[in-house]
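Q: Hi! I've got a model open and would like to talk through it with you. Could we go residue by residue and then look at the bigger picture?

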Amino acid sequence: DAAPALVALDAQVVIINTEGEKTIPIEEFFIGPDIDITRMTVLQPGDILKSIRIPATWSEARFYFEKVADRNTWDFALVNIASAMKVDGDVISDIRMAIGGVECVPKRMSVVEGIVKGTAPDNETADLAAGSASRGATTLNFNEFKVPLMENLVKRAIRDS
């Protein structure tokens, strides 16, 4: 559940091994099966995740997190969302949004971010953002229900932040 929040906050991870230390953006830390079916992160044998750094960039932002899960079955998120939004006056001046449980890795919602910047965080903007969230989405068998869940979470993140 923390992964989308860390992506929204533009976190970095520090990895150490016998060769030294490196820092990478959290978005590059998680990998999907198209890269390596045996791993979920870039960590190699001998690597240790030393720390996670969260910059102060979003310290004054409005933050939103919500998770939808079927607790009768398991505690894994069906879909979850995290956003950090800066509002100046009545206008969204900056935003980062990420969603989890939809793809194999947390997904940054760059299209939504671009659409809502410069607009008011109202119902109209939330509806527009929700409609753009699933643009180009292709579902797998038996998970079509995640598209409306994702759209609703995007709408709520914009409207309720």
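Q: Let's start with Thr-41: is it buried or exposed?
A: Thr-41 counts as buried, because its relative accessibility is 18% and the cut-off for buried is under 20%. Keep in mind that this is a predicted model.

Q: Thanks. Where does Thr-41 sit in the chain?
A: Thr-41 is in the loop between α2 (26-29) and β3.

Q: And which residues does Thr-41 touch, leaving out those up to four places away in sequence?
A: Phe-29, Phe-30 and Ile-31.

Q: What lies 3.3 Å from a polar atom of the Thr-41 side chain?
A: That would be the backbone nitrogen of Leu-43.

Q: Switching to Glu-66, where is that one?
A: Glu-66 lies in strand β4, which covers residues 62-69.

Q: Buried or exposed, that Glu-66?
A: Glu-66 counts as buried, because its relative accessibility is 15%.

Q: Interesting for a Glu! What does its side chain make a polar contact with?
A: The side chain of Glu-66 makes a polar contact with the side chain of Tyr-64, at 2.3 Å. Leaving out residues up to four places away in sequence, Glu-66 also touches Val-79, Asn-80, Ile-81, Leu-153 and Arg-156.

Q: On to the nonpolar side. How many residues are in the largest nonpolar core?
A: That core has 19 residues. Those with the most contacts inside it are Ile-81, Met-97, Met-109, Val-112, Val-154 and Ile-158.

Q: What does Ile-158 touch, if we skip residues up to four places away in sequence?
A: Quite a list: Met-85, Ile-92, Ile-95, Met-97, Val-116, Pro-121, Asp-122, Thr-125, Ala-126 and Ala-129.

Q: And which residues are included in the second, separate core?
A: The second core has 9 residues, among them Ala-11, Ile-15, Ile-24 and Ile-26.

Q: What about the surface, which residues form a nonpolar patch there?
A: Leu-49, Ile-52 and Ile-54 do, and together they have about 250 Å² of accessible area. Leu-49 belongs to strand β3, residues 48-53, and counts as partly exposed because its relative accessibility is 34%.

Q: Time for charges. How many salt bridges are there in the whole structure?
A: A search finds 12. One of them joins the side chains of Arg-96 and Glu-27, with an N to O distance of 3.2 Å.

Q: What does the Arg-96 and Glu-27 pair tie together?
A: Arg-96 is in strand β6 and Glu-27 is in helix α2, so the pair ties together parts that are 69 residues apart in sequence.

Q: Buried or exposed, those two partners?
A: Arg-96 counts as buried, at 8% relative accessibility, while Glu-27 counts as partly exposed, at 38%.

Q: Which residues are linked with them in a network of salt bridges?
A: The network links Asp-10, Glu-27, Arg-96, Arg-108 and Glu-113.

Q: Last one: how far apart are the closest N and O atoms of Glu-103 and Lys-107?
A: They are 4.0 Å apart, and the two residues form a salt bridge. Glu-103 counts as partly exposed, at 44% relative accessibility, and Lys-107 is partly exposed, with a relative accessible area of 35%.

Technical notes:
Residues are numbered from 1 along each chain as its sequence is written. This is a predicted model: local features need pLDDT of at least 70, side-chain atom pairs count only at pLDDT 80 or more; totals for chains, interfaces and linings use all residues. Side-chain values use heavy atoms; hydrogens and water are left out. A nonpolar core is a set of buried Ala, Val, Leu, Ile, Met, Phe, Trp, Tyr and Cys residues joined through side-chain atoms within 4.5 Å. Buried means under 20% relative accessible area, exposed over 50%, partly exposed in between (1.4 Å probe, protein chains only). Contact means heavy atoms within 4.5 Å. Patches are made of residues with over 30% relative accessible area and no salt bridge: like charges are joined within 9 Å, nonpolar side chains (Val, Leu, Ile, Met, Phe, Trp, Tyr) within 5 Å. Accessible areas come from the Shrake-Rupley method with a 1.4 Å probe; for residues, only the protein chains shown count as cover. Helices (H or I, at least four residues) and strands (E, at least two) are DSSP runs, numbered from the N terminus. A polar contact is a pair of N or O atoms within 3.5 Å; within protein, one must be able to donate a hydrogen and the other to accept it, and residues adjacent in sequence count only if both atoms are side-chain atoms.
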